[in-house]
Amino acid sequence: MIAGMLGGAAGISPWQVVLQVLDWLPGVEIDAGLAPIEQGLLWQIRLPRVLVAATVGGLLAIAGGGYQGVFRNPLADPYLLGAAAGAGLTVTMVIVLLPGGGAAIPPAAFAGAVGGVLLAYALGNTAGRSGGTVTLVLAGVAVTSFLTAIQTFIQQLKVEELKRIYSWILGDVHGGWDQIALIAPYALVSTAVLLLHGRMLDVLSVGDDEATALGVRAARVRLVVLVAACLATAAAVAVSGLIAFVGIVVPHVVRRLAGGSYRVVLPLSLIGGGAFLVLADLAARTVIAPAELPIGVVTAFIGAPFFVGVLRMTRKAEM
């Protein structure tokens, strides 16, 4: 987050940013030498953007860890399971059919995320247990393609909104304080629920029979974690659009560094996801400055090769 505040295409020196941040502290008065417009840029644009990126990245990463725990599947992810596609479809419907209906976006995204995951899980189960990891991934891809096709059709109903919708699809963390306030309740509730269920997910990882013998109601735990992960995904999608691969990259890196216990994976994924997306956003706004890359392009550039590697390791483990 410090790097995100210091870097940018506005031509403000990092030292001036440090002095200005110190000047914001209560009881401290320091002249950073910044014009009012530059102070406004830091306070009203750069700082909210960093906070939105950190929040969205943390939500996507902890949701990915939650999905992986629920399905006991290392490839489970908000985007591979249809959660993001479902949320994207319902948010697009709000943008197209309810202009100015910003308050309806988070609940609509939540409903779409839940529907997408349930549809992918039901489709994956039609192959039975023999399908394994790859079957669930293929079901998620099929559901994502289907929901994306419906989304494209709805976009054509209102061509004048296409630019706004496509910008949203490619990912965007140009957030303001109003967006932070909009998703804060959803982010706090979903994060708290997921963190509190880390020990339960550890118990589920040994199998439902063993979990039941230890007094854990597996079905109830899965439902609660699934709803919380969908809520986190919906909150992220509502303000940032579709930013892929955060939910699969970060939890895997955390497992490599800190072990597989969800009591550790979930909180570290929350922190690591926030850091990852802030740095991805910093790259997006500095690589071709003064122009910007869509942040979804940056995460895909990193995440796509990573996903291929994870898929190969998973196939070897199943064989």
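1. Basis. The model is predicted: local features need pLDDT of at least 70, side-chain atom pairs count only at pLDDT 80 or more, and totals for chains, interfaces and linings use all residues. Residues are numbered from 1 along each chain as its sequence is written, and side-chain values use heavy atoms, with hydrogens and water left out.

2. Helix 2. Helices here are DSSP runs (H or I, at least four residues), numbered from the N terminus. Helix 2 spans residues 14-24, and V17, L19 and Q20 are buried in it. Buried means under 20% relative accessible area, exposed over 50%, and partly exposed in between (1.4 Å probe, protein chains only). Viewed down the axis of helix 2, the buried residues fall within an arc of 165 degrees, so they line one face. The arc is taken from the directions from the helix axis to the C-beta atoms. The cover over these residues includes helix 1 (2-6) and helix 3 (36-71).

3. Helix 2 against helix 3. Two packed helices are described by the angle between their axes and the distance between the axes. For helix 2 and helix 3 the angle is about 85 degrees, and the axes are 11 Å apart. Axes are lines fitted to C-alpha atoms over the stretch in contact, and angles run from 0 to 180 degrees between N-to-C directions. The two helices, helix 2 and helix 3, are therefore roughly perpendicular. Angles under 35 degrees count as roughly parallel, over 145 as roughly antiparallel, 65 to 115 as roughly perpendicular, and the rest as oblique. V17, Q20 and W24 of helix 2 meet Q39, L42, W43, R46 and L47 of helix 3. Contact means heavy atoms within 4.5 Å.

4. Cores. A nonpolar core is a set of buried Ala, Val, Leu, Ile, Met, Phe, Trp, Tyr and Cys residues joined through side-chain atoms within 4.5 Å. The largest has 82 residues; V56, Y67, F71, V117, I243 and V246 have the most contacts inside it. Helix 3 gives the largest share of this core, 15 residues. A second, separate core of 7 residues includes L75, L80, I248 and F307.

5. V246. Neighbours within four places in sequence aside, V246 is in contact with residues including G57, L60, P251, F276 and T299.

6. Two glutamines. Q151 sits in helix 6 (residues 132-155). Q151 is buried, at 3% relative accessible area. Its side chain makes a polar contact with the side chain of T92 (2.9 Å). A polar contact is a pair of N or O atoms within 3.5 Å; within protein, one must be able to donate a hydrogen and the other to accept it, and residues adjacent in sequence count only if both atoms are side-chain atoms. Q44, in helix 3, is partly exposed, at 44%.
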